[in-house]
Amino acid sequence: HNSPPQKTMRSAASTPNNLLATIVVISTMAMAILLRPCHGFQQQLGTVSRVARSGVSPSYSLRIRRADGASQLVALQYNTRSFSRLYSSSSDDDSSEKARILFLGTPDVAATSLKTIYEQSQSPDSQYEVVGVVTQPPKRRKRRGKEVPSPVGLVAEELGIYTLCPEKARDAEFLDELENEVRPDLCITAAYGQYLPKRFLALPKFGTLNIHPSLLPRWRGASPVQRSLEAGDNPVGVSVLFTVSKMDAGPIVAQESLEIDENEQATTLLPTLFDIGTKSLIDALPKVIKGDITMDTATVQDESLVAEASMIDSAEGQLWPTKMSAQECHNRVRGFSMWPGTFLYFQVGDDESNDPVKVKVVETRVLEETAEPTNVIEIGPKKKDGLRLVCSDGSVLEMLKVQPATRNVMDAKSFVNGLQGNSVRWLSGLDE
């Protein structure tokens with residue numbers, strides 16, 4: 001059923017004077033064709049190529065053969081607010097003076113970075129422009145729910161930025177699209193979530209910069225903030241570095257350290273570090289674009305100081321007071337606050353036949369006092385005191401907020417009130 005429209009489009013596109021009519025035809029087809037969300041590469045549909053979709057806004061590209069024989073690619077986006085030309089790149093037109101930036105990211109912290117970089121690019125004296133975004137494909141939040149774009153995808157749609165969502169960054173069609181049409185001069189990555197192949201890294205002439213929330217070379221890998229808090233690091237920090245094939249091993253462009261509170265959690269620290277890292281990156285961009293900062297002039301990492309931030313397993317969330325001090329338990333609660341969280345098993349009441357209760361430990365602090373080791377958990381004497389857990393070394397962890405299975409997060413007093421006078425003990429030797 002697509003044959004007649006294809007013929008019409010070719011005829012309309014054959015002369016420059018009919019370009020507007022061609023665009024109207026394409027917009028009509030875009031509204032009529034049902035597309036699954038977000039392709040990270042072109043799929044030919046006659047002379048129309050589906051390039052990307054972010055949320056509910058399909059994007060298409062049209063290859064037009066001009067009267068002078070040159071080809072031109074026009075990328076179009078249609079949404080409820082506008083039907084606009086995102087960019088037009090000609091094979092014989094390279095007049096842009098601004099560096100072309102491609103942004104890669106996925107979660108909320110990266111979305112904030114994208115918005116900040118884009119806003120900076122709109123200033124009159126900016127030396128760069130954001131010409132495209134790459135993010136992870138949309139996902140269903142519920143089994144039967146509709147696919148929802150990533151936070152970065154939603155911001156890109158809001159800003160009207162050309163968006164690609166490849167299943168894998170090594171897909172040949174995706175890399176062809178970047179090389180032939182997007183043509184980035186510089187790439188920026190912020191928690192994108194995929195390994196970038198050598199072919200990708202070879203594309204931008206100024207290289208690829210990454211915002212990494214640790215003081216490299218300490219904590220290279222997937223979980224830098226979590227591992228730094230778990231280890232009790234203070235200060236912590238963020239690095240801006242060139243991306244190379246080896247994970248987080250490229251030379252450092254900028255680095256900022258930050259003193260934090262002893263109770264700071266990953267939930268609040270991660271956005272703070274990305275905000276600082278984004279500002280550092282923006283400050284460095286003019287020098288990178290001018291060639292003052294390059295892969296050769298940036299600071300090489302000291303391999304003798306490397307610490308690996310390995311990916312976290314959900315089983316690591318269990319606290320072991322028999323093996324861990326109160327400070328170690330507290331640091332793990334802080335580090336794992338975003339995911340997977342931390343938990344203990346409680347025995348409620350004196351009847352040992354009662355099933356253990358899995359309780360998530362949400363917020364804690366370490367008391368200066370020590371006590372005789374015991375598995376009995378009691379609330380402190382003061383009004384705002386928490387549940388006191390004594391570790392095997394005598395150190396005391398105070399649990400300020402907890403969440404029993406199937407219940408909401410509650411403070412210590414609410415938890416004790418729900419016990420109805422029953423005693424509570426923590427259990428060791430249990431796991432999931």
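Start by selecting Cys329 and Cys391: the sulfur of Cys329 has its closest cysteine sulfur in Cys391, 4.4 Å away, which is too far for a bond. A disulfide here is a pair of cysteine sulfur atoms within 2.5 Å, and the structure holds zero of them. Cys329 is buried at 1% relative accessibility, where buried means under 20% relative accessible area, exposed over 50%, and partly exposed in between (1.4 Å probe, protein chains only). Cys187, also worth a click, is buried with a relative accessible area of 1%.

The model is predicted, so local features need pLDDT of at least 70 and side-chain atom pairs count only at pLDDT 80 or more, while totals for chains, interfaces and linings use all residues. Residues are numbered from 1 along each chain as its sequence is written, and side-chain values use heavy atoms, with hydrogens and water left out.

**Helix 3 and the cores**

Select residues 108-121, which form helix 3. Helices (H or I, at least four residues) and strands (E, at least two) are DSSP runs, numbered from the N terminus. Helix 3 has 14 residues and reaches 20 Å from its first C-alpha to its last, close to the 20 Å expected at 1.5 Å a residue; the expected span is 1.5 Å times one less than the number of residues. Its buried residues are Val109, Ala110, Ala111, Ser113, Leu114, Ile117, Tyr118 and Ser121. They pack against several elements, including strand 6 (99-105), strand 7 (128-134), helix 4 (151-159) and helix 8.

Now centre on Leu114. Which residues does Leu114 contact, leaving aside its neighbours within four places in sequence? They are Phe103, Val130, Val133, Val152, Val155, Ala156 and Ile161, with contact meaning heavy atoms within 4.5 Å.

Phe103 and Leu114 have the most contacts inside the largest nonpolar core, which has 43 residues. Such a core is a set of buried Ala, Val, Leu, Ile, Met, Phe, Trp, Tyr and Cys residues joined through side-chain atoms within 4.5 Å. Select residues 266-290 next: this is helix 8, which gives the most to the core, with eleven residues. A second, separate core has 22 residues and includes Met324, Cys329, Val333 and Leu389.

**Salt bridges**

The structure holds 19 salt bridges, each a side-chain nitrogen of Lys or Arg within 4 Å of a carboxyl oxygen of Asp or Glu. Show Glu303 and Arg220, whose side chains meet in one (2.8 Å, N to O). Glu303 lies in the loop between helix 8 and strand 16 (307-309) and Arg220 in strand 13 (residues 218-221), so this pair ties together parts 83 residues apart in sequence. Glu303 is partly exposed, with a relative accessible area of 44%, whereas Arg220 is buried at 2%.

Move to helix 7 (residues 224-230), which holds both Glu230 and Arg227, three residues apart, about one turn of the helix. Their side chains form a salt bridge (2.9 Å, N to O), and Arg227 is buried at 7% relative accessibility.

Arg388 and Asp385 also pair (3.4 Å, N to O), with Asp385 buried at 9%.

**Last stop: Asn331**

Asn331 sits in helix 9 (residues 326-335) and is buried at 7% relative accessibility. Leaving aside neighbours within four places in sequence, Asn331 is in contact with Leu229, Glu230, Ala231 and Gly232.
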